[in-house]
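Subject: Structure for your review

Dear colleague,

Please find below the structure that I am handing over to you. My notes on what was found in it follow directly after.

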Amino acid sequence: MTHRRSLLCGAAAGLVTGGMAAPALAQQRPGQGRRPAQGPAGTPASTPLGPLDVLARQALVVDFATGAVLLEKNADERMPPSSMSKLMTMYVVFEHLKSGRLQMDQMLPVSERAWRMGGSKMFVELNAQVKVEDLIRGVIVQSGNDACIVLAEAISGSEAQFADAMNEAGRRIGLTNSTFRNSTGWPDPEHRTTARDLATLARRIINDFPEFYAYYSERSFRFNNISQDNRNPLLARVAGADGLKTGHTDEAGYGLTGSVRRGDRRVIMVVNGLPTMRARAEESERLMEWAFREFEAVVLFRAQDTIEEVPVYLGERSKVPMVGGRDLVLTLPRQWRTRLQVRLRYDAPITAPVARGQQIGEMLVGGQGVPELRVPLLAGADVERLGLVSRIPAVVSRWVFGS
């Protein structure tokens, strides 16, 4: 018999916020035109709350834990990433550190090519030996092109070969629309990525290398008697900001891949194509504050919470707990909480044997304006089948009296 049961509905759901999650995307409601906030002159970005004017040419705002897209504008348009490319450079460097192929206190030589490199610099000296940890800070805090080349040449022998390693790592972690031709973001007609790929890369850096991520929140770094401030405007303007990387070229405009964490929530933002440093700072702050103000994380259940006790037929126990197997958290606009509806669907009784982790039902999440989501529900315990002698009374009872 198939059972359908309304588990949670509207404000009576008693849901809480926070926690980690499996992917659950906020989506735009068709035909809704309310603008969540007034902003600068620009063109509309798509949000679940309706269009929002955004000055950036490309923009993407996502919830870190759930992957929910809160705002997007030209997010899959290939664009020059300028110094935001250094996120990919550091991903490769961090991989080498984690595997032991590179050491923090290792000294690396400065070639003439690295020393002569233009643009933003760490100011390494020709033929000097520079510690890896200083080079990391030189890349992340000072956006040093020279530091990038020192690391690239030490790891791969040449910057061109290092770019191949960047592309290979990018494909491996799910960057589907990116091509890297150098370690610095120096202008090249084939050096391209997208806002969506940069957001994916930011999430992977935070997830894969928590031991190194703190470098992105450092406000300044002094090397060779030259002190330089981190160019990320979020660090000084937005509570909870802890990364990641700015970029600028004449072709790309001003860009930023940023991250802000408040409590259990983290939001990742990518903007590019802004006209000035001031516009980058103001737009980044506005979009981050909007994301935290307008959206919340709604926890439906934790991984091992028993959602229902399901009857078992011919089993050594009469019921089996039905669980989610993972935390389920949705990122939703705050006013959507009262619209959320959750239903259970399962066949009962379940015939033994039942194996822990076996799918025995599903949860359907939806409601007015809430994107539909189907979540498999699992058996939370093993239930062995009764022996032959013990099964006979149960079979007879069911044949005589029904289920």
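Ile136 is in contact (heavy atoms within 4.5 Å) with Met90, Val93, Phe94, Leu97, Met104 and Tyr215, leaving aside its neighbours within four places in sequence. Ile136 also belongs to the largest nonpolar core, which has 59 residues. A nonpolar core is a set of buried Ala, Val, Leu, Ile, Met, Phe, Trp, Tyr and Cys residues joined through side-chain atoms within 4.5 Å. Within this core, Met88, Phe94, Leu135, Ile136, Leu201 and Tyr216 touch the most other members. At least two core residues each come from strand 4, helix 1, helix 3 (132-140), helix 4 (145-156), helix 5 (159-172), helix 6, strand 8 (220-223) and strand 12. Helix 1 supplies the largest share, 8 residues. A second, separate core has 28 residues, among them Ala68, Leu70, Val260 and Phe292.

Please note that this is a predicted model, in which local features need pLDDT of at least 70 and side-chain atom pairs count only at pLDDT 80 or more, while totals for chains, interfaces and linings use all residues. Residues are numbered from 1 along each chain as its sequence is written, and side-chain values use heavy atoms, with hydrogens and water left out.

The average pLDDT (the predictor's confidence in each residue, from 0 to 100) is 87 for the protein, and 85% of the residues score at least 70. Over residues 6-39, however, pLDDT stays under 50, and the model has 104 contacts beyond four places in sequence for that stretch.

As to the overall make-up, the protein has 9 helices and 20 strands. Both are DSSP runs numbered from the N terminus: helices are H or I with at least four residues, and strands are E with at least two. Of the 403 residues, 54% are buried. Here buried means under 20% relative accessible area, exposed means over 50%, and partly exposed lies in between (1.4 Å probe, protein chains only). Among contacts with a separation of 6 or more, 65% are between residues 24 or more positions apart.

Turning to the strands, two strands pair if DSSP finds at least two bridges between them. An open sheet of 5 strands has the order 5-4-12-11-10, with antiparallel pairing. Strand 5 and strand 10 (241-249) are its edge strands, each pairing on one side only. From one strand to the next, the twist averages 5°; axes are lines fitted to C-alpha atoms, for helices over the stretch in contact, and angles run from 0 to 180 degrees between N-to-C directions. Inside this order, strand 4 (residues 58-63) pairs with strand 12 (residues 265-274) in the antiparallel sense over 6 bridges. Gln58 has Asn272 of strand 12 as its bridge partner.

Strand 14 (residues 306-313) runs antiparallel to strand 15 (residues 319-323), and 5 bridges join them. Glu308 has Met322 in strand 15 as its bridge partner. Val312 has Ile350 in strand 18 as its bridge partner.

Finally, the charged side chains. Side chains of opposite charge can pair when their charged atoms come close. The structure holds 23 salt bridges, each defined as a side-chain nitrogen of Lys or Arg within 4 Å of a carboxyl oxygen of Asp or Glu.

Which parts of the chain does the pair of Asp76 and Arg196 link? Asp76 lies in the loop between strand 5 (69-73) and helix 1 (86-99), and Arg196 lies in helix 6 (residues 195-208), 120 residues apart. Their closest N and O atoms are 2.7 Å apart. Asp76 is partly exposed at 46% relative accessible area, and Arg196 is partly exposed at 25%.

Two further salt bridges lie within helices. In helix 2 (residues 112-116), Arg116 and Glu112 are 4 residues apart, about one turn of the helix, and their closest N and O atoms are 2.7 Å apart. Arg116 is exposed at 57%, whereas Glu112 is partly exposed at 43%. In helix 8 (residues 277-294), Glu282 and Arg278 are likewise 4 residues apart, with an N to O distance of 2.9 Å. Glu282 is partly exposed at 38%, whereas Arg278 is exposed at 63%. Salt bridges that share partners also join Glu72, Asp76 and Arg196 into one network.

With kind regards
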